[in-house]
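Hello,

Here is the structure I promised to pass along. My notes on its salt bridges follow below.

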Amino acid sequence: MEWSLERMREWVAGGMQSVRECESSALGTALCLALLFIWYCYRVGCEHAAPSLRGGFTPEPRGSTVPGGVLSSGLTSRGGSLKLRQVTGVGGVVSEEELNGFAYCQSPECFRCTKPGEGLNQRLYHSLQEYAKRYTWAGMGRVHKGVREQGRYLLCSRPSIQKPEVFFLPDLPSAPFFSREAQKHDVELLERSFPTLLAEFESVYRLLSSRTGSSLPPGWKANSTPRGQWWTFYLVNQGTPMVLNARRCPRAWRVLGQLRTFIANNVFGNACFSVLSPGATITEHYGPTNVRLRCHLGLKVPPGCELVVGGEPQCWSEGSCLLFDDSFLHTAFHGGSAEDGPRAVFMVDLWHPNVAAAERQALDYIFTPGR
């Protein structure tokens, strides 16, 4: 085809004539398409706007041969090491509200409550990109898919038996309860440590049981319940070590350091003594993620106590562990009498056995406390 000025003039003239002859409906269609294109460009720009990120993550060599990380005094929490940090706000009451029959925490200390919605999804996306640039994309397929498609998984009004509130990792085997074989080493270690953990629980519970008035002794939290009382004494709360509490329970702290799969370095990791008074009920609720298994070691279990996860009831047993996925709808209650005393468990969050080591490291980075 030969190009010439005359041919170009003919094309321009023909185009102008076509526009003049174009019907109004065609012009309307073109205008709609143009508006849709502008909207699409705006959405892409919003999704890729870099948010400010706080904190940092640097994989460090383990400072000890203890499996699962180091527990020691210090100022930071990084890589494979969990180190004590001084924190405030250990006491206080966690307020909750009920929505559609379920409990939703609204504590200002809770990362689930202070960073919800679209802003959280953008932070996750950019944190994963930053991690991959520093380290690798290898093994990040499921994590990338989970971050990219959080809108499909996050809590919505549609009833469901499993709805993690913050992060859902796709393609993980899912069930309300797991066999002890899922984390055999850590379950057996906790059960062997039952006498030690029971003794330290009794030492810190003594102050709670003998208190006068409505104030709680240092280190204890009161959680809102429709009936009865639910108290917790945290050693690690959302990835942050509670330094004063840990010093009061040095043997329990050492047990945590020997666990191979304890979630020690991100906001999904908790360890605490959990106490239900006779007549207490915990409102049905969902946990924040399916990447963990919650482990309950029974310390004191009177008759009439039960844990219901995904509609399946289980009873605790003193000296034995229950493993469950708390991203399923769950509740617990103590149906015993005042003479039976409280129900007490030692609660620890362990990694889901099907979350790979590379995925764990990436999730530790993305969900570093304070990020």
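A word on terms before we start: a residue is called buried when its relative accessible area is under 20%, exposed when it is over 50%, and partly exposed in between (1.4 Å probe, protein chains only). Please keep in mind that this is a predicted model, where local features need pLDDT of at least 70 and side-chain atom pairs count only at pLDDT 80 or more, while totals for chains, interfaces and linings use all residues. Residues are numbered from 1 along each chain as its sequence is written, and side-chain values use heavy atoms, with hydrogens and water left out.

A salt bridge here is a side-chain nitrogen of Lys or Arg within 4 Å of a carboxyl oxygen of Asp or Glu. That rule gives a count of 11 salt bridges.

One of them pairs R292 with D349, at 3.3 Å from N to O. R292 sits in strand β12 (residues 292-300) and D349 in strand β17 (residues 343-351), so this pair links parts of the chain 57 residues apart. Strands, by the way, are DSSP runs of E with at least two residues, and helices are runs of H or I with at least four, numbered from the N terminus. R292 is buried at 3%, and D349 is buried at 0%. Through shared partners, salt bridges join R292, R294, D326 and D349 into one network.

Another salt bridge brings R251 and E200 together, with the closest N and O atoms 3.5 Å apart. R251 belongs to helix α10 (residues 250-258) and E200 to helix α8 (residues 194-209), so the pair ties together parts 51 residues apart in sequence. E200 is buried at 4%, whereas R251 is partly exposed at 37%.

Best wishes
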